[in-house]
Amino acid sequence: MLEVAIKLLQKNNYKITKQRRSLLDYLSHFQEHYVAVSAVDKYMHEIYPGMSHNTIYRNIKEFEEVGIIENKLRDGSAWVKYQCDFVHQHHHHFVCKKCGKVQEVQMCPLDFFEEQLPGCRIDEHHFELYGICADCIRLGKE
């Protein structure tokens, strides 16, 4: 998955620096869970103390723009996760409220809503399901 991300950056004319590679490597550990952008920033500062906050946040934004990471707002903070499906970038998620695990949902409900809004144009949408995952139910973490 890391090589796919590197190829995406190169295709979009971004240099592959050691800092970007480190950031990609770190984020690749968060394919099934979101991580707070502030935690990413803290991690990168531990490795590269001279790296500015602006550089870290700019790289995160660029990764989002080319489809390497997905983002969301939670409790007023930015959270990101590594792309779970580079082939089908338009997808939705089920998020476990107990363990935070994220699972991909491939069906998109947009057609259902478009039918109810004749004459309207929907420019974007965000769709997530929340509940308790099968693992947490099996372990009695309900």
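The crossing of helices α2 and α3 is right-handed in this predicted model. Helix α2 comprises residues 18–27 and helix α3 residues 37–47; the two pack at an angle of about 130 degrees, and their axes lie 11 Å apart. Angles over 145 degrees would count as roughly antiparallel and those from 65 to 115 degrees as roughly perpendicular; α2 and α3 are therefore oblique to each other. On the α2 side, the contact is formed by Gln19, Ser22, Leu23, Tyr26 and Leu27, which meet Ala39, Val40, Tyr43 and Met44 of α3. Classified by residue type, this contact contains 7 nonpolar and 2 polar residues, with no charged residues.

The surroundings of α2 extend beyond this helix pair. Arg20, Ser22, Leu23, Leu24, Tyr26 and Leu27 are the buried residues of α2. Their packing partners include α3 as well as the helices α1 (2–11) and α4 (53–66). The strands β1 (35–36), β2 (69–74) and β3 (77–82) are also packed against by the buried residues of α2.

A further element of the model is an open sheet of 3 strands, arranged in the order β5-β4-β6 with mixed pairing. The edge positions are taken by β5 (102–105) and β6 (128–131); each has a single partner strand, so one side of each is left without a neighbour in the sheet. Ignoring direction, neighbouring strands of this sheet are turned by 25 degrees against each other on average. Strand β4 (residues 92–96) runs antiparallel to β5, and the two are joined by 4 bridges. Within this pairing, valine 95 has valine 102 of β5 as its bridge partner, while histidine 92 stands opposite valine 105 in β5. The hairpin of β4 and β5 has 5 residues between the strands, and glycine 100 in this hairpin adopts a positive phi near 85 degrees.

Positive phi values also occur in residues other than glycine. Asparagine 13, which is not a glycine, has a positive phi of about 65 degrees. This residue lies in the loop between α1 and α2. With a relative accessible area of 71%, asparagine 13 is exposed, because the exposed class begins over 50%. Aspartate 75, located in the loop between β2 and β3, likewise has a positive phi, near 55 degrees. The relative accessibility of aspartate 75 is 78%, and the residue therefore counts as exposed.

How values were computed:
Residues are numbered from 1 along each chain as its sequence is written. This is a predicted model: local features need pLDDT of at least 70, side-chain atom pairs count only at pLDDT 80 or more; totals for chains, interfaces and linings use all residues. Side-chain values use heavy atoms; hydrogens and water are left out. Axes are lines fitted to C-alpha atoms, for helices over the stretch in contact, and angles run from 0 to 180 degrees between N-to-C directions. Angles under 35 degrees count as roughly parallel, over 145 as roughly antiparallel, 65 to 115 as roughly perpendicular and the rest as oblique. A crossing is left-handed if the near helix is turned anticlockwise from the far one by less than a right angle, and right-handed if clockwise. Contact means heavy atoms within 4.5 Å. Ala, Val, Leu, Ile, Met, Phe, Trp, Tyr, Cys and Pro count as nonpolar, Asp, Glu, Lys and Arg as charged, and the others, Gly among them, as polar. Two strands pair if DSSP finds at least two bridges between them. Buried means under 20% relative accessible area, exposed over 50%, partly exposed in between (1.4 Å probe, protein chains only).
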